[in-house]
Amino acid sequence: MFFGTFRRTSHKCFERLEEFEIVDKVTEIKADLADYGSIQTAIKQSEPDEIYNLGAQSFVGASFQQPILTSDITGLGVLRVLEGIRENVPDAKFYQASSSEMFGDYQGIKNEKSPFIPRSPYGAAKVFAHHMTNHYREAYDIFACCGILFNHESPLRGLEFVTRKITWSLAKIKLKTQEKLHLGNISAKRDWGFAGDYVEAMWMMLQQKTPDDYVIATGESHSVEEFLTIASEYAGLGDWHNFVEIDKSMMRPTDIKELVGDASKAKEKIGWSAKTSFEELVKKMVDHDIEYHKSHPLSF
Ligand code: GDP
């Protein structure tokens, strides 16, 4: 049986689950990472064998405006889940979504031994959660794994992230419902993989004999500009300079220039490697968003 927790809001937001047609297979439980009582109740109700914590205030950009909330949810929230496990289901396996943002300013290819030099409140909160997960594994023998995932994208990516913002806008520009696309720092480079491949890695980590931490990445980095160029050409829009405007107000107070991960430990120990290439990923996202806007002409 599968359980999924969600925060109560006035408007339920399950579009992404609906896209997978799995809403009916998941039993919903109301819970909030800010509220320990609700986490305990969710754990007692579901009696889980495996817990995947993908919950967070997950947008780096917003963490500069909401550093305290981000630290509470993305950092302390994980500690609340770990306490819930220790007190109620110490034999359950736990997956924590650690993040390439934890490496921050550390230059060079990053692996499990690289230092964490976070450059955002989000990155700092993820470092706290990562260390706490390691602590519960060592101190209480909990089967807890951290997947240090580099950016992973798909047609379900939130619209505020740069990849989806680009493909969503290009689709609208193609269908003439939008004229311009405003972007910030397009020279930033990221190691972008396909989320579907990365979810498989999360599951694989929990099927091993012993818990451990793994970097999950493609090993290649590309700039926002490269993403834009491939997406624009593939969408049939040609030179992006014709419709992109660089907006200085979208630059972050501190930004990471380049992130590239080394996933050789995951390859060696659990047999995982990325299957989807950068170009395939860009095309998948462009195709989806053009199709979406064609069938939802009034969407905004
Ligand atoms: P992140 O790596 O988790 O912060 O993923 P994002 O997709 O939010 O940002 C990736 C990079 O794209 C960062 O270096 C951003 O500064 C840069 N970027 C440039 N323009 C934009 C934009 O309009 N929106 C976002 N979200 N990022 C942008």
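How much area do domain 1 and domain 2 bury between them? The figures below start with this interface.

**Figure 1. The interface between domain 1 and domain 2 of the predicted model.** Domain 1 and domain 2 bury about 780 Å² between them, 57% of it on carbon and sulfur atoms; buried area is the accessible area (1.4 Å probe) that two parts lose on being put together, summed over both. Helix α3 (residues 60-65) gives the most to the side of domain 1 that touches domain 2, namely three residues. By class, that side has three nonpolar, three polar and four charged residues. Ala, Val, Leu, Ile, Met, Phe, Trp, Tyr, Cys and Pro count as nonpolar, Asp, Glu, Lys and Arg as charged, and the others, Gly among them, as polar. In contact (heavy atoms within 4.5 Å) are 10 residues of domain 1 and seven residues of domain 2. Zero salt bridges are counted between domain 1 and domain 2.

**Figure 2. The two domains.** An automatic or database domain assignment gives domain 1 as 3-149 and domain 2 as 162-188 + 221-259 + 276-295. Their C-alpha centres lie 28 Å apart.

Figure 3. Helices (H or I, at least four residues) and strands (E, at least two) are DSSP runs, numbered from the N terminus.

**Notes to the figures.** Residues are numbered from 1 along each chain as its sequence is written, and side-chain values use heavy atoms, with hydrogens and water left out. In this predicted model local features need pLDDT of at least 70 and side-chain atom pairs count only at pLDDT 80 or more, while totals for chains, interfaces and linings use all residues.

Notes: A salt bridge is a side-chain nitrogen of Lys or Arg within 4 Å of a carboxyl oxygen of Asp or Glu.
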